[in-house]
Amino acid sequence: AFVFLRNQLRPIRRLAIAAEAFGQGRVLSYSPSGATEVRAAGHAFLHMRDRIERQREQRTLMLSGVSHDLRTPLTRLKLGLSMLPEDAESAAMLRDVNDMQILTDAFLAYARGGHADEAAETADPVAIAAAAVEDFRRTGGQVALVGAPEGLSAPLRRHAMRRALDNLIGNALRYGRRAEVSVALKGAAIVFRVEDDGPGIPPERRDEALRPFTRLDAARNQDRGSGAGLGLAIAADIARSHGGVLRLGQSEALGGLMAEITVPARRGGAIEG
């Protein structure tokens with residue numbers, strides 16, 4: 001009975017491992033086996049995974065194509081405006097074209113999201129956060145790395161996680177005067193935290209802020225330029241692709257927004273919530 005039960009549970013465990021890996025953005029080789037019901041569940045999982053992959057590819061191709069097609073006329077506009085006499089009207093038009101270029105780049109970044117072909121590898125999360133902070137400091141941003149324990153490692157997509165941190169730090173400096181970044185190990189999870197001293201986001205609107213193309217004009221300062229409302233959505237997508245989650249809250253240290261990315265510190269981990 002023990003051997004029979006073990007043989008029946010092994011295919012279920014393989015299915016669970018494949019499903020959990022797919023939730024973290026990894027596609028493992030899997031072929032259904034075991035009892036009839038387990039094989040049926042396995043085939044259903046494979047069909048679902050294929051449909052999700054196709055939908056994701058279609059979304060990426062659509063947004064990438066639109067963004068690419070818009071770049072050519074935007075480049076022509078910028079070239080034409082640069083040849084006009086410099087006055088207030090041409091300067092305003094050039095700012096509008098630059099804003100459109102920023103939006104186009106944001107759409108393309110969202111299309112790539114956290115599902116690029118970059119493979120997860122063991123990386124130092126503190127080094128990734130420190131590099132992001134240093135780049136913003138070089139451009140005049142008032143941001144500091146306040147929590148940086150040594151010896152941390154986690155399976156991360158370096159470029160994707162860096163993109164998520166860049167978005168969070170950029171938002172923090174856009175809506176506040178200064179920001180603080182920290183990295184910590186909590187249980188079996190790595191926590192990236194970005195805090196600012198801006199106006200923050202009301203608790204009842206934080207879930208809304210994570211949706212794509214959402215701009216909370218009433219909650220956030222719009223004097224620092226326009227945006228596509230994709231920064232938090234991209235960060236949340238990257239967190240999910242790592243098997244983690246992005247949470248928003250209030251900063252106890254600075255009083256503004258607190259954005260926290262929590263990802264597993266080891267392969268096969270899962271973050272609840």
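Q: Which atom does the side chain of Arg-157 reach at 3.2 Å?

A: A polar contact is a pair of N or O atoms within 3.5 Å; within protein, one must be able to donate a hydrogen and the other to accept it, and residues adjacent in sequence count only if both atoms are side-chain atoms. Here the side chain of Arg-157 reaches the backbone oxygen of Ser-241 at 3.2 Å. This is a predicted model, in which local features need pLDDT of at least 70 and side-chain atom pairs count only at pLDDT 80 or more, while totals for chains, interfaces and linings use all residues. Residues are numbered from 1 along each chain as its sequence is written, and side-chain values use heavy atoms, with hydrogens and water left out.

Q: Where does Arg-157 lie, and is Arg-157 buried or exposed?

A: Helices (H or I, at least four residues) and strands (E, at least two) are DSSP runs, numbered from the N terminus. Arg-157 lies in the loop between strand E3 (154-156) and helix H5 (158-175). Buried means under 20% relative accessible area, exposed over 50%, partly exposed in between (1.4 Å probe, protein chains only). Arg-157 counts as buried because its relative accessibility is 5%. Leu-79, in helix H2 (residues 36-82), counts as exposed because its relative accessibility is 54%.

Q: How many residues does H5 have, and which of its residues are buried?

A: The expected span of a helix is 1.5 Å times one less than its number of residues. H5 has 18 residues and spans 26 Å from first C-alpha to last, close to the expected 26 Å. Its buried residues include Ala-160, Leu-165, Asn-171 and Tyr-175.

Q: Which residues touch the most other members of the largest nonpolar core?

A: A nonpolar core is a set of buried Ala, Val, Leu, Ile, Met, Phe, Trp, Tyr and Cys residues joined through side-chain atoms within 4.5 Å. The largest has 42 residues, and Ile-169, Phe-192 and Ile-261 touch the most other members. H5 gives the most to this core, with eight residues. Contact means heavy atoms within 4.5 Å; not counting residues up to four places away in sequence, Ile-261 touches Met-161, Ala-164 and Leu-168, among others. A second, separate core of six residues includes Leu-15 and Phe-45.

Q: What is the mean pLDDT of the protein chain?

A: pLDDT is the predictor's confidence in each residue, from 0 to 100. The chain mean is 81, and 86% of its residues reach 70 or more. Over residues 218-223 the pLDDT is below 50.
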